[in-house]
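Student: I would like to go through this structure with you and ask, for each label, which value and which cut-off stand behind it.

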Amino acid sequence: MLLRGALVLSLAGIGIAATCGAQTQPTPAAHDATLWPQPEWPFGAEPELEARITALMAGMSVEDKVGQLIQGDIASLTPEDVRRYRLGSVLAGGNSDPGGRYDASPAQWLALADAFYEASMDTSTGGHGIPILFGIDAVHGQSNVVGATLFPHNIGLGATRDADLMRRIGEITAVETRVTGMEWTFAPTVAVPRDDRWGRTYEGYSEAPEVVASFSAAMVEGLQGEVGSEAFLDGRHVASSVKHFLGDGGTRNGIDQGDTQVDEATLVRIHNAGYPPALEAGAQIVMASFNSWNGVKTTGNRHLLTDVLKARMNFGGFVVSDWNGHGQIPGCSNERCPQAFNAGLDMAMAPDSWKGMYDSTVAAVRAGTIPMARIDDAVRRVLRVKLRLGLFEAGRPSQRPLGGDYDLLGSPAHRAVAREAVRKSLVLLKNQGGVLPLDPRRHVLVAGDGADDVGKQSGGWTLNWQGRGTRRADFPNADSIFEGIERQVEAAGGTATLAVDGTYEARPDVAVVVFGEDPYAEFQGDVPTLAYKPGDDADLELIRRFEADGIPVVAVFLSGRPLWVNREINAADAFVAAWLPGSEGAGVADVLLRDAQGRVQHDFQGRLSFSWPRTAVQFENNVGQPGYDPQFAFGYGLTYADDGDLAPLPESPGITGPLAAPGVYFARGRASGGFSMRLLAGDGAQPVTSLPAASGDGHLRIEGMDHEAQEDAWRMRWSGEAGVALVADEPLDLTREANGDVMLVLHARRGGDAVPLSLTAGCGEGCGGTVEMQPLLARMPAGTWTRIGVPLKCLVRAGLDVARVRVPMQLETAGPLDLALSRVALGTQGEAEQVLDCSAD
């Protein structure tokens with residue numbers, strides 16, 4: 001296309017540099033290891049174990065040793081790769097499943113675990129048979145597997161203040177993980193979130209370090225068993241990796257993988273709180289964090305990993321990095337990073353970069369860049385964990401005590417514990433006039449898009465990374481919130497009706513409205529403010545409609561963090577913070593409803609473990625901070641004995657101007673704040689400020705079009721060479737997103753033939769990546785709205801520097817083409833119906 005690069009050239013006039021300077025690692029401040037605690041590592045001398053390791057290592061080559069220190073992802077390697085390179089570990093990332101299916105069966109998971117184990121033990125081509133260690137994010141139950149018990153996410157568990165419950169949850173998670181063949185979970189998260197805009201807030205138990213500390217040992221002991229007991233790391237338990245070391249919950253502005261800018265004493269007092277109890281409980285693994293501490297990446301921070309964690313805090317297990325986290329260290333790449341091993345990393349999680357990481361590490365050891373003594377220490381640490389797990393004697397995962405016992409997945413006993421956790425996690429914020437508990441003998445209407453959606457109530461890290469795109473059939477052992485209410489109401493002689501949109505023919509006695517955040521994980525969940533769904537008042541309007549009809553409303557709010565919802569709280573008669581309860585929606589009914597005789601079944605027990613904001617800009621809102629002034633304080637939570645009346649709350653969010661969800665660039669017929677749309681043609685680039693619009697030569701005409709609302713989409717019709725571009729006011733850094741398998745998702749409709757169409761993402765003069773979209777267009781049914789995805793990795797391969805993106809999307813063709821567009825946003829695999837395949841490019 002002749003236009004390609006025209007817009008990029010025009011950006012030079014608005015101050016975008018053509019080159020990006022090399023990243024440098026700041027000079028660290030003086031460190032003091034004596035500030036840190038000295039927990040007691042619960043393992044004394046183990047001469048037999050150490051002698052066994054020494055004998056094994058004596059026959060290992062450099063390649064054998066390095067293989068033990070590399071972990072690849074099941075989507076990027078095969079059992080044959082494990083057999084050839086003698087890799088020490090594999091993981092299943094959030095979007096990695098047997099056969100590439102998010103809904104793979106438990107039997108398929110177990111068969112895959114067997115295949116990797118057999119490959120690791122096959123010595124027919126030489127080497128040593130050292131069993132593979134299979135890790136997975138079983139973070140709220142074995143949440144990757146269909147049918148598993150799904151517990152509330154940690155933010156809800158923190159509201160229970162029940163450490164014994166944590167221990168039982170850990171035990172059940174370990175059992176269900178073993179059923180499907182894995183022996184290592186990447187849990188628990190012991191972050192102390194301090195800015196609720198952080199997309200991983202729900203993975204933290206509390207903003208208060210003492211609450212986190214009270215839970216960490218219990219969860220580790222539940223997962224692993226108690227040190228010194230016969231149950232420790234037996235066939236019913238798994239290895240635990242405490243994460244993320246260190247400061248992940250304290251990054252500036254709540255930016256995931258960002259910089260935690262605190263002094264060392266604060267790092268120790270707040271962010272390290274969960275680690276000493278976990279280490280004293282015998283946690284075998286610690287995961288190094290993506291984030292930096294005062295400008296230095298923790299994955300490459302020798303002071304933290306070696307001087308503090310291993311020396312001062314006596315940690316004798318091994319340290320693993322997070323997903324390609326080593327590649328973020330200055331001077332490193334995903335395929336090469338001797339600095340990380342020299343800093344104290346023992347195993348590199350190199351999901352899709354494992355081959356390059358293996359080759360470069362072998363070369364670095366042979367060159368002396370990584371001392372052999374450091375490699376030997378790392379290998380010894382990994383082998384200790386494998387021996388403690390008994391993997392050398394365990395046999396294939398399917399032959400172990402729980403392997404293939406699928407009746408344990410979502411068993412009634414396990415679900416009962418999860419349901420108890422839901423009951424104890426609910427926090428009552430308002431109960432005007434004592435509307436709760438409800439009489440189940442009446443007519444109850446249940447509304448809202450969260451009422452009958454197990455995926456939404458379970459949140460991220462549920463069957464896939466972001467927890468999106470699931471179906472009801474994916475949760476055979478679960479109850480939605482409506483299903484739990486319906487069962488109890490009908491058993492008591494009342495009637496329960498589901499009407500997501502709130503419509504009704506027979507007037508209900510009460511409406512339960514279940515609504516809240518859509519699922520997200522990690523940086524996809526970072527938000528600019530704590531305003532709930534800015535620009536979208538559908539849930540508020542639903543509540544107000546019942547209010548206008550004189551129908552009492554009980555609001556059940558699903559969220560991964562406290563959010564500013566003052567208007568919704570005011571409009572509802574009762575307001576319940578339900579967090580992300582998981583598979584047991586019936587636990588909500590247990591508390592909201594009386595029994596058939598009119599007695600209270602279960603009272604509210606939950607207390608806020610995160611302070612609730614007074615405004616949408618009260619980001620850092622933590623108990624004990626100067627000027628602490630929340631809407632609902634840490635520890636708040638009503639019971640049925642309390643006066644639940646609440647005076648109207650202020651309805652000004654404290655922010656002005658339009659807001660959009662992060663990662664949404666174009667929606668509802670206009671570019672989001674901080675972006676603009678420009679029309680490109682032979683007569684140059686011109687901003688599109690109103691519709692209809694057309695290029696001077698008439699090659700491209702744009703008009704408004706109705707999709708889900710009036711003129712919420714653009715219809716673009718090409719008759720000749722022209723283009724349209726989405727431009728950011730400031731450069732975007734999409735490094736995290738590209739590393740995390742994020743894609744640009746366009747909600748589009750093709751009106752005619754699928755002609756050649758290019759999509760370019762630009763990063764300055766001479767910098768950008770272009771992919772051809774015709775294959776995607778051809779797979780779109782003409783006249784049908786379809787979500788199409790372009791992986792950022794495809795654009796990187798084409799030349800895009802994702803650290804400085806100025807043009808997220810530039811569409812060009814010579815026409816004729818009829819293409820409509822209603823939304824452009826970042827998304828993941830589950831959100832796109834058709835995805836561009838650039839693997840063969």
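Student: Why is the pair Cys763 and Cys767 called a disulfide?

Tutor: A disulfide here is a pair of cysteine sulfur atoms within 2.5 Å, and because the sulfur atoms of Cys763 and Cys767 are 1.8 Å apart, the pair meets that rule. The model is a predicted one, in which local features need pLDDT of at least 70 and side-chain atom pairs count only at pLDDT 80 or more, while totals for chains, interfaces and linings use all residues. Residues are numbered from 1 along each chain as its sequence is written, and side-chain values use heavy atoms, with hydrogens and water left out.

Student: What is the handedness of the link of Cys763 and Cys767, and are the two cysteines buried or exposed?

Tutor: The link of Cys763 and Cys767 is left-handed, with -90 degrees about the S-S bond. Both Cys763 and Cys767 are buried, a label that stands for under 20% relative accessible area, with exposed meaning over 50% and partly exposed the range in between (1.4 Å probe, protein chains only).

Student: What makes the disulfide of Cys332 and Cys337 right-handed?

Tutor: The torsion about the S-S bond of Cys332 and Cys337 is about 60 degrees, and therefore this disulfide is right-handed. The sulfur atoms of Cys332 and Cys337 are 2.2 Å apart, and Cys332 and Cys337 are both buried.

Student: How do you know that Cys794 and Cys838 are joined, and which parts does the pair tie together?

Tutor: The S to S distance from Cys794 to Cys838 is 2.1 Å, and a disulfide joins them; with -85 degrees about the S-S bond, this link is left-handed. Cys794 lies in helix H24 (residues 792–797) and Cys838 in the segment after strand S32 (834–835), so the pair ties together parts that are 44 residues apart in sequence. These elements are DSSP runs numbered from the N terminus, where helices are H or I with at least four residues and strands are E with at least two.

Student: Why are Cys794 and Cys838 called buried?

Tutor: Cys794 has a relative accessible area of 3% and is therefore counted as buried, and Cys838 is likewise buried, at 9% relative accessibility.

Student: How many disulfides are there, and which pattern do they follow?

Tutor: The count comes to 3 disulfides, and with bonded cysteines counted along the chain, the pattern is 1-2, 3-4, 5-6.

Student: What makes the protein chain as compact as a globular protein of its length?

Tutor: The secondary structure of the chain comes to 24 helices and 32 strands. The radius of gyration is 27 Å, close to the 28 Å that the globule rule gives for 841 residues, so the chain is as compact as a globular protein of that length; the radius is taken over C-alpha atoms, and the rule is 2.2 Å times the number of residues to the power 0.38. Along its principal axes the C-alpha trace spans about 75 × 75 × 50 Å, and 62% of the 841 residues count as buried.

Student: Which peptide bonds can you name as cis, and where do they lie?

Tutor: The bond from Phe245 to Leu246 is cis, with omega near 10 degrees, and Leu246 is found in the loop between strand S5 (239–245) and strand S6 (259–260). Another cis bond joins Leu436 and Pro437, with omega about 0 degrees, and Pro437 is found in the loop between strand S12 (427–431) and strand S13 (443–447).

Student: Why does phi deserve a remark at Leu233 and Trp461?

Tutor: Most residues other than glycine have a negative phi. Phi of Leu233, however, is near 55 degrees, and Trp461 has a positive phi of about 55 degrees although it is not a glycine. Leu233 is in the loop between helix H8 (209–224) and S5 and counts as buried at 2% relative accessibility, while Trp461 lies in the loop between helix H17 (454–458) and helix H18 (481–492) and is buried with a relative accessible area of 7%.

Student: Why is Asp256 called buried, and which residues does it touch?

Tutor: With a relative accessible area of 4%, Asp256 is buried, and its place is in the loop between S5 and S6. Not counting residues up to four places away in sequence, Asp256 touches Trp198, Arg200, Thr251, Glu522, Phe523, Asp526 and Arg736, where contact means heavy atoms within 4.5 Å.
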